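Here is a short briefing on one protein chain. Look at the structure, then read the points below.

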Amino acid sequence: MSDLGLKDASSGVHEEPDGILRVAVHGELTEDRARAIIGALRRVAESGGDVLVLVDARRMGPVPPPARKALTDEVRTARLDAIALVGASFSVRVIVALLAKGIQMLTGRPYPQHFFATEDEGRAWLLAQRDALRAGRQSSA
């Protein structure tokens with residue numbers, strides 16, 4: 001697992017051996033943390049990698065308005081191929097669903113995201129999304 005340059009120990013982004021980017025947020029998601037997380041994901045996209053994100057939201061706290069705005073601003077211009085959220089609370093699910101719909105409306109790009117009870121379920125879905133992405137790229141080449 002490699003660290004992608006996120007120094008804050010209370011939230012981390014790590015690339016796992018299967019290429020999935022694992023994000024863990026413990027406690028409140030601040031504006032700075034939100035921007036740092038998206039920045040790490042953006043670096044993967046810029047390097048040409050698939051941006052498949054497994055978010056462990058089991059210990060995630062509130063997402064205050066400044067963090068929601070930062071996520072909207074940053075995600076609008078970042079390429080995220082698929083996001084699986086594990087253990088998200090009702091409020092986090094609502095925020096993510098609203099962000100996804102808003103970003104789709106603003107950009108016209110799909111924003112595949114899904115909620116799961118376990119990491120295994122989320123990982124399996126992300127790997128299926130990766131296979132579909134790669135198959136699509138091969139057929140268009």
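Ala34 counts as buried because its relative accessibility is 1%; buried means under 20% relative accessible area, exposed over 50%, and partly exposed in between (1.4 Å probe, protein chains only). This is a predicted model, in which local features need pLDDT of at least 70, side-chain atom pairs count only at pLDDT 80 or more, and totals for chains, interfaces and linings use all residues. Residues are numbered from 1 along each chain as its sequence is written, and side-chain values use heavy atoms, without hydrogens and water.

**Around Ala34**

- Ala34 sits in helix H1, residues 31–46. Helices (H or I, at least four residues) and strands (E, at least two) are DSSP runs, numbered from the N terminus.
- Beyond its neighbours within four places in sequence, Ala34 is in contact with Leu29, Ala67, Ala70 and Leu71. Contact means heavy atoms within 4.5 Å.
- Ala34 and Pro66 are 32 residues apart in sequence, and their C-alpha atoms are 9.5 Å apart.

**Salt bridges**

- The structure holds 14 salt bridges. Each is a side-chain nitrogen of Lys or Arg within 4 Å of a carboxyl oxygen of Asp or Glu.
- Arg35 forms a salt bridge with Asp73, with the closest N and O atoms 4.0 Å apart. Arg35 is in helix H1 and Asp73 in helix H2 (residues 65–76), 38 residues apart.
- Asp50 and Arg134 meet in a salt bridge at 3.1 Å, N to O. Asp50 lies in the loop between H1 and strand S4 (52–56) and Arg134 in helix H4, so the pair ties together parts 84 residues apart in sequence.
- Asp50 is buried at 12% relative accessibility, while Arg134 is partly exposed at 40%.
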